[in-house]
Amino acid sequence: MKSSDYLISTVKEAPNDAKIISHQLMIRAGLISKLASGLYSYLPIGLKIIQKVEKIIREEMNKSMALELLMPVAQPAELWQESKRWEEYGPELLRFQDRHERDFCMGPTHEEVITNIAKQYIRSYKQLPINFYQIQTKFRDEIRPRFGVMRSREFIMKDAYSFHMDEESLGETYQVMHQTYCNIFDRLGLDYRPVLADSGAIGGDSSHEFHVLAESGEDAICFSDSSDYAANIERAETLPQGDPDAPAEELKIVKTPNVKTINDVCSLLNVKPESSIKTLVVVGEEDNLVALVLRGDHELNEVKASKIEGIKQPLQMADEDEVVKQLGCNFGSIGVVNLDIPIFVDYAAACLSDFVCGANENDKHYTGVNWERDVKQIISCDLRNIVAGDPSPDGQGFIEIKRGIEVGHIFQLGTKYSDSMSANVIGEDGRAVNMNMGCYGIGVTRIIAASIEQNHDDRGIIFPKAIAPFELVIVPINYNKSSRVRELADQLYNDCQQNNIDVLLDDRKERPGIMFADSELLGIPHRFVISDTHADNGKIEYKSRAQSEKDEIDFNDAVSFIIEKLS
């Protein structure tokens, strides 16, 4: 491709609303153009990168024996009502009516549609297992789209769905897909980690997320320093920490006027947050109040809390007026002594002794509180976010935490959708059996943003070679003035094309500095520079995007040189 035949739409400055580096660089490099909040057009270079990502995904999915199909973006409400997700999914599901006033939605995912297809066309156990996938546009009406294509409303996703007779077969395909995802992200040239994850609104029993490691990542990823254990912070379990020490202090009540937070209480009483507890009050299944107790320096893990038996789902914090009515105090003064509601205590808090807590009277706290002696009926459980330095849940080593960007997620759904939608097959014994399902997603457009977050410098993008818009750029100095430079550049360009090298010849009437800056902004991995000097000495200048050094090589060796680099 020649630049004169292409759209090179780089700009010097990113818009003010571009807060993260991938959003800034995708705008500046001319990969995307904003249409509305969370909606982007992909310009030719951006689409070229998407197509390279899709090609790798498609090749690896086909190797796994998955079958490609394509499902509609618009989906009838009846399917979502059948699966019971029409109301459950929430406002992210964009609902609309057609001219006949029939309800539809823009598909954020396709479990219902694929289950309906399986229900129609899969009749016998002999057709199983089977795995379908598509690369399709999705729409989720995000309340606050941000970070460019990282969290947009419309995006491209690869989603796959497998069907099975039993859990054993599902587990086998799940492992195949896990390896397939590793193969995809390896080929994409990304530094990533597969981690244990919560299934969230999709449902199911087992899932893994695939995260690209980047300092700007929204998610906290937990790793053992001594094993392969990895999980997202929602899923990472904490372990019981033993029994508390014997009481050494008497229970006392102290005045704490005008203090509301743990830090305020600890500052007033000159104690550390880890020697105090905080008591959160949530709504139970019977609309009763339930107490969740954490060490003062720890944070509640809402996913863990919502799974506790007796807690209303989704997790709902109690209304303060109701708390005052039933417990007689405001939020900042709630404690566990004489608290007459169910009390769930995090493992780390359950091993404290002589600690500080609210006194269930406004502006008062207890010191010297001890379990058993002062508070008898509690249930110890895992309630908090794991922190760096905690023992690894697998018993090997300690936890380290890094930031990650989720780019893929695989689930074992079980029979969640086949049960509600009556998707069954006839088994060997002649009886109808609801199929087990798996679900496997990759964010195609998000991969591009995540790659940029992980691979960039102050000059622009540093794309891995597999998804760079071009593998090589040829920058001829004075191409439009020097016949010798033009002849050499055209010869090299043609030779590269004949060797299937994805090459860009920058034949624009621009200054060399602008052409160099654009090639670096675009993240093209390799660059050749040709000038009149090179025409005199038979050399050519080479530079790698990832390195600062420049080399001169013989012009006649240039093609074989770049082929070796690309291999």
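Reader: Where does Pro-314 lie?

Author: Pro-314 lies in the loop between α7 (302-306) and α8 (320-327). Helices here are DSSP runs of H or I with at least four residues, strands are runs of E with at least two, and both are numbered from the N terminus. This is a predicted model: local features need pLDDT of at least 70, side-chain atom pairs count only at pLDDT 80 or more, and totals for chains, interfaces and linings use all residues. Residues are numbered from 1 along each chain as its sequence is written, and side-chain values use heavy atoms, with hydrogens and water left out.

Reader: Which peptide bond joins Gln-313 and Pro-314, and what is omega?

Author: A cis bond, with omega about -5 degrees. The bond from Leu-128 to Pro-129 is cis too, with omega near -5 degrees. Pro-129 sits in the loop between α4 (111-121) and β7 (130-139).

Reader: What is phi of Glu-101?

Author: Positive, about 65 degrees, although Glu-101 is not a glycine. Its loop runs between β5 (95-97) and β6 (103-106). Buried means under 20% relative accessible area, exposed over 50%, and partly exposed in between, with a 1.4 Å probe and protein chains only. Glu-101 has 62% relative accessibility, so it counts as exposed.

Reader: How does Asn-478 count, buried, partly exposed or exposed?

Author: Partly exposed, because its relative accessibility is 41%. Its phi is positive, near 65 degrees, and Asn-478 is not a glycine. It is placed in the loop between β26 (472-476) and α12 (483-498).

Reader: How many Å should helix α5 span?

Author: The expected span is 1.5 Å times one less than the number of residues. Helix α5 (residues 167-187) has 21 residues, so it should span 30 Å; its end C-alpha atoms are 30 Å apart, which agrees. At the start of α5, a side-chain oxygen of Asp-166 comes within 3.3 Å of the backbone nitrogen of Glu-168. Gly-189 follows α5, with a positive phi near 75 degrees. The buried residues of α5 include Leu-170, Tyr-174, Met-177 and Phe-185.

Reader: Which residues lie nearest the centre of the second largest pocket?

Author: A pocket is an open set of points on a 1 Å grid over the protein atoms alone, where a 1.4 Å probe fits, with protein on both sides within 12 Å along at least five of seven lines; lining residues have an atom within 4 Å of a point. Here 20 residues line the pocket, and Lys-260, Lys-278, Thr-279, Phe-331 and Gly-332 lie nearest its centre. β14 gives the largest share of the lining, five residues.

Key: A polar contact is a pair of N or O atoms within 3.5 Å; within protein, one must be able to donate a hydrogen and the other to accept it, and residues adjacent in sequence count only if both atoms are side-chain atoms.
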